[in-house]
Amino acid sequence: MSGTHGTQTTAGPVLGDTPPEATSATGEAGDNAAGIAAVGRVARALMPETGVIADPTQLRTYECDGLAHYRVTPALVVLPETTEQLAAVVRACSEHGVPFVARGSGTGLSGGALPRADGVLLVTSRMRTIREVRRADQRAIVEPGVINLDVTRAATPEGYYYAPDPSSQQICSIGGNLAENSGGAHCLKYGFTSNHVLGTELITPQGDVVQLGGLAPDSPGYDLLGTVVGSEGTLGIATTATVRLVRLPEEVRTLLVGFHTTDDAGAATSAIISAGVLPAAIEMMDALAIEAAEAAVHCNYPDGAGAVLVIELDGASAEVEHEYALVEQFCQQNGSFELRLATDATERALIWRGRKSAFAAVGRISPDYIVQDGVIPRTALPEVLRAIAELSSSSGVRVANVFHAGDGNLHPLVLFDGEKDGASEAAEQVSGAILDLCITHGGAITGEHGVGVDKAAYMPKMFTDDDLDTMQLVRCAFDPGNISNPGKIFPTPRLCGEVPGKRKKAHPLVEAGLADAF
Ligand SMILES: Cc1cc2nc3c(=O)[nH]c(=O)nc-3n(C[C@H](O)[C@H](O)[C@H](O)COP(=O)(O)OP(=O)(O)OC[C@H]3O[C@@H](n4cnc5c(N)ncnc54)[C@H](O)[C@@H]3O)c2cc1C
């Protein structure tokens, strides 16, 4: 995988090796050498030889996450097996002022796990134990490196599953999901990761092990768990997650519905939801995305469709039967020309394969592409889709749309050929303009992939200086030394202890030439 704002088929950088606006996120190779050596000694004393990587060639394996456009070789990689080992390494980082970055499976699409050249990458892939499936409590307690789908596999024999299902669920980790507050097709009905993580054991940036939340549905005091979920590794490292398990539904019906236009498909989506029907998932793909999926996985979507909806209904059989009749009616009223109900597991899997392969499938119809991620109120869908189409035709840059229609989470795929002069810049412009559209329509610059290093420069478009300063105060309360994934999320680093509010003069880091002001 490689990409700008997401998966892109070109191997190697398109716009430069390091994020242009965020060199403060990457550090300089050679800095902190003594500290890194000290951290390496602590790690080697605690874990097997294979758990500490310092060989330059092996280090390159970890130089990027799913956003492979940005690459930085870490100074050291550590793969702990236990909380105690990980906490000791974090303590050593804190003692020597060495920045660290947590990494789960490295599938993130915003550069959140981009390493630091002057820091340590802490990889959780050896912490993959599902510690408990507590059927009676409807909870599971899992380590951070556990693969999302493995939680469901463990819970299914008990009649339960783990609901948040990113399309990457076969490879992404629960720790990464927690840090990104990941979504997925079924989050429309069941909510995002933040609705399913009830507790976490966290290693603070000082190396202390603390428990936030737990088995109980809620705990008094400030919602520190809510602060940590979605904080993209900037407030510490999660070493367990206590997650909610959801009862397997009595019945599931998966429908594939063909429409002539995205407007019709969007209107059907709104009609279904405004009637009080809440499907488990409503996903939309436009003609270009369908073309790509057909070429890649032969999913046999309706011929000539300008858009398809994949709709899944689940629950008690009587409820599903009732909702199915309503969905059929609203689709027909809004111009559907074909409605196919999967009759068995194979047909259901084929319908989903088309949707879930869409990001990668676009590589069949374009040498390079950007996976954008923005969110808008669902009712703005038709207007924003039309505006994206206008952007595309005025710029000549093709855009394929595949998205979680039910919750307004857009994933426009901006296609280009990196070999052609100016093509990647034009694609970047269209991609940025789509985020502007999301903001002006009351949405946000990310729906589920996070800010990371990729969208840090967009934060001031959504938030005022005061907003950002307030967020930095929270960050500094957890991490006064600014060593936990520094340089991510925020456009300019703030020094902890600096008083927030309107800056009277340039930020000290700007003056020192280490950061840019936006
Ligand atoms: C093909 C494809 C499809 C995708 N589909 C979706 C989708 O439908 N929905 C969606 O939301 N995302 C999707 N993603 C993005 C990605 O899979 C998610 O963001 C996922 O949660 C990342 O998990 P990871 O284990 O790979 O994390 P990484 O990429 O390793 O890390 C992501 C972030 O989490 C931090 N982190 C990792 N582990 C920890 C920890 N234990 N404690 C604290 N911080 C930590 C990292 O520092 C980084 O900031 C997709 C990606 C791909 C490649």
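Two strands pair if DSSP finds at least two bridges between them. Helices (H or I, at least four residues) and strands (E, at least two) are DSSP runs, numbered from the N terminus. In this predicted model, Ile203 has Ile237 of β10 as its bridge partner. The ligand lies between domain 1 (31-123) and domain 2 (130-247), because both give residues to the shell around it.

Residues are numbered from 1 along each chain as its sequence is written. The model is predicted, so local features need pLDDT of at least 70 and side-chain atom pairs count only at pLDDT 80 or more, while totals for chains, interfaces and linings use all residues; side-chain values use heavy atoms, with hydrogens and water left out.

**The ligand and its shell**

- The ligand has 33 residues around it, and Ala102, Thr107, Ser168, Ser173 and Ser182 come nearest. A residue is near a molecule or strand if one of its heavy atoms lies within 4 Å of it.
- A polar backbone atom of Ala102 is 2.6 Å from an oxygen atom of the ligand. A polar contact is a pair of N or O atoms within 3.5 Å; within protein, one must be able to donate a hydrogen and the other to accept it, and residues adjacent in sequence count only if both atoms are side-chain atoms.
- Gly112 places a backbone N or O atom 3.2 Å from a ligand oxygen atom. For Gly176, the corresponding distance from a backbone N or O atom to a ligand oxygen atom is 3.4 Å.
- On its own, the ligand has 970 Å² of accessible area, and the protein covers 96% of that. Accessible areas come from the Shrake-Rupley method with a 1.4 Å probe; for residues, only the protein chains shown count as cover.
- β3 (100-103), α5 (174-180) and β10 (237-244) are the elements that give two or more residues to the shell. The most come from α5, with five residues.
- The shell holds eleven nonpolar, 18 polar and four charged residues. Ala, Val, Leu, Ile, Met, Phe, Trp, Tyr, Cys and Pro count as nonpolar, Asp, Glu, Lys and Arg as charged, and the others, Gly among them, as polar.
- The domain bounds come from an automatic or database domain assignment.

**The sheet that includes β3**

- Four strands make an open sheet of mixed pairing, in the order β1-β2-β4-β3. β1 (52-53) and β3 are its edge strands, each pairing on one side only.
- β1 and β2 (residues 76-78) run antiparallel and are joined by two bridges. Val52 has Val78 of β2 as its bridge partner.

**Strand β8 and its partners**

- Seven of the seven residues of β8 (residues 197-203) are buried, so the strand is largely enclosed by the rest of the structure. Buried means under 20% relative accessible area, exposed over 50%, partly exposed in between (1.4 Å probe, protein chains only).
- β8 runs antiparallel to β10, with six bridges.
- β8 also runs antiparallel to β9 (residues 209-213), with five bridges. Thr200 has Leu212 of β9 as its bridge partner.
- The hairpin of β8 and β9 has five residues between the strands, and Gly207 there takes a positive phi near 95 degrees.

**Strand β16**

- In a regular strand the side chains alternate between the two faces of the sheet.
- β16 (residues 368-371) is covered on both faces: Asp368 and Ile370 are buried on one side, Tyr369 and Val371 on the other.
- Four bridges join β16 to β20 (residues 412-416), and the two run antiparallel. Val371 has Leu413 of β20 as its bridge partner.

**Ala477**

- Ala477 sits in helix α16 (residues 465-478). Ala477 counts as exposed because its relative accessibility is 64%.
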